[in-house]
Amino acid sequence: MQDKIRNIKDGMINAGYVCDDKTATVLYLAEALHKPLIVEGPAGVGKTGLAQAFSLMKNISLVRLQCYEGIDESKALYEWNYKRQLLHIQAVANKNIDVIEVEQDIFSENYLLRRPLLQSISSPAPTVLLIDEIDKVDFDFEAMLLELLSEYQMTIPELGTIKALNIPFVFLTSNATRELSEALKRRCLWLYLDFPNSEIEQQILLLKVPGITQLMAGKIAAVAHSIRQVELKKAPSIAEILDWASALLDMGIDDLDVETTLQTLTIIIKHREDAVKLEGMMRSRNDLSFQPSPTSNRGWR
Amino acid sequence: MSFLKMLQEFFADLRQEGIPITFSQVEDCCQALLLIDWSMEEYFYTALYSTLVKEHSHESAFANVYHRHFKPGTTEIMSQPQWSPPVYRESDLIEDISGYAIDALPVPGMQSMRGGLSQANRNPLDQNFGLANLDDVRKMETLYPLIARRLAARMIKKNRRNDQNIINYRSTMRHSMATGGVPLNIVTYKRHKEKPIIIALCDVSGSVMTFSCFALALLSSMQRFFRQLRTFAFIEDLDEITHLLSTGDPLNLRTSVLKGARRVMGVRGYTNYGATFMGFIQRYGHTLSPKTSVLIFGDARNNWNNDETWALDEIRKKSKRVYWFNPELGSNWPRGDSRMEVYRKCCHHSFSCPTLSKLEQAIGKL
């Protein structure tokens, strides 16, 4: 089984995503058990990227449903193209066509707008279904989703029941702003993606930023790791660290010191108070270890 | 001890720690175990983890229970079961695994240490403020951003404008042009809710230290949902600390408050609620208006000083709402020098919040 896991890891690296053993094992389990996978974690850690890389690796198409508050069936499942139907009715108004025939014509495949969920179920080839930010939807949408994920079939009143030809690989991502319903969690496997450690981050840098040296990748990964240990309003995400690395590469810098970091800090820090705090730490110790200086007051602990 | 029994004890322990395990999860877990190779400990752990743990705050408790039950190196000794088609009853499925693994388990290694449920294993969200030691506070600190985010999401939902309102005829007719004169979309007048003005009084003395620091941190993280937030700290006297909360650092607040607002300490350093309310009315009474809500965080232990309930009454008359958040359990309110029973009559609503999750719920009700 170890080589199966290694195959998955290598396949994901080919698709441009570095994952550790735990993630690869959970992917293997999700595929073998045919269960959806809930991926939780802080923002910018690669949850959406995981599904995208997985679909690249398996060489199947990705269907993405971006959820938001107030999303309903018509945006997620299907919708009839009312405007086109009305136009059709008005166009045939003067001709002598049987009413029943017009009606059947209107409620046919041409006038059905297939939204992501229906697309993934009714596609002849297997698909990867990515439901992004599921924690933003409200309760009734979740209930509808639950029904879909357990049966993989949908009933459209005018067309009939549509059953899934291939069960899609389902990924649900969440930022944990609220608790998902128990029933949904029970149906799925669960994975918490946290910020990676320095070695994995170094691998990601080497993979995604072509031309970067081993030394620089190592240093950037170490600095990123120590910045994340500091209590900030928003910790830098992986995408921001990648941008930072490519910016440094573009500027031709091959070593990290306090001055360069200060100049380019705005790429990874997006809040003024965080920037002030980190600057204070760097100046007081004059290095990039980001530890609280010995004179700072963390009194009552 | 058979593997069947061991798994069932493992599940029972997890349930006792507060991690709910349902029957379908047990089934998934067993199916996953049949699929993986048991020679590597990580695969075994991951199979259990992905099927049984569904929440980030359960992860540490799960790890503790796992290490209590499965000593390192035991999975290598268990022989790998052959794949068999899935069966549907819990005991049936576990029989399947245990049938293959039953000879391979050395008894001493498998005995799980039943060392009582220490405080360290409790979910940090349910940690009592008064009983928290340094380690527990650190754990609560790590979960603090999670709670801040959840509260923010809840407040956003509450402040969502009400869309079911009076129909805006002009807009509806205009939008109906797109659908051929048929009004398929109905447009309504959107009314925005007004954000409250909050005045918070926090007791920062030793007994309620952790509680008020967390409460202050949560309030300051929700600043954007209030039109205005003014915070005051008190022990024996009152002082405004709004300027100290502008930086987002949650738990160094107490030291910065005590350094920056020296008035708070007063003469003896014991909490005096009566003098505080009196001082508030006299010096800051003008800030109260029919739109302000006053939040008081404290345990109402007045150290046998004067009550001055008239001051609290005055505060209530001048403001819209007065809420009291008490970190003690409701049963402790009539005891000792706690003047809660007297003070709560002057409040519109009082909450008992001994744990972080209760505090989150209470603040969410604002």
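Good morning. In this predicted model, local features need pLDDT of at least 70 and side-chain atom pairs count only at pLDDT 80 or more, while totals for chains, interfaces and linings use all residues. Residues are numbered from 1 along each chain as its sequence is written, chains are lettered from A and ligands numbered from 1 in the order in which they are written, and side-chain values use heavy atoms, with hydrogens and water left out.

Let me begin with chain B. An open sheet of 6 strands is found there, in the order 3-2-1-4-5-6, with mixed pairing. Strands are DSSP runs of E with at least two residues, helices are runs of H or I with at least four, and both are numbered from the N terminus; two strands pair if DSSP finds at least two bridges between them. The edges are strand 3 (238-240) and strand 6 (349-352) of chain B, each of which pairs on one side only. Within this sheet, strand 1 (residues 197-203) and strand 2 (residues 228-234) of chain B run parallel and are joined by 7 bridges. As one instance, Ile199(B) has Arg230(B) as its bridge partner in strand 2 of chain B.

On a 1 Å grid over the protein atoms alone, a cavity is a set of points where a 1.4 Å probe fits but cannot get out; a pocket is an open set with protein on both sides within 12 Å along at least five of seven lines; and lining residues have an atom within 4 Å of a point. The count comes to 3 cavities of 30 Å³ or more. The largest holds about 120 Å³ of space, and its lining includes Glu40(A), Arg178(A), Lys54(B) and Arg150(B). By class, that lining has 3 nonpolar, 2 polar and 7 charged residues.

The second largest cavity holds about 80 Å³. Among its lining residues are Lys185(A), Arg186(A), Gln25(B) and Leu52(B), and helix 9 (residues 182-187) of chain A gives the largest share, 3 residues. Gln25(B) belongs to helix 2 (residues 23-35) of chain B and is buried, with a relative accessible area of 3%. Its side chain reaches the backbone oxygen of Thr51(B) at 3.3 Å.

Finally, the second largest pocket has a volume of about 630 Å³. Of its 29 lining residues, those closest to the centre are Tyr17(A), Val45(A), Pro196(A), Ile204(A) and Ile238(A). Helix 10 of chain A supplies the largest share of this lining, 4 residues. Thank you.

Technical notes
Grid points are joined across faces, edges and corners, and a volume is the space filled by probe spheres set on the points. Buried means under 20% relative accessible area, exposed over 50%, partly exposed in between (1.4 Å probe, protein chains only). A polar contact is a pair of N or O atoms within 3.5 Å; within protein, one must be able to donate a hydrogen and the other to accept it, and residues adjacent in sequence count only if both atoms are side-chain atoms. Ala, Val, Leu, Ile, Met, Phe, Trp, Tyr, Cys and Pro count as nonpolar, Asp, Glu, Lys and Arg as charged, and the others, Gly among them, as polar.
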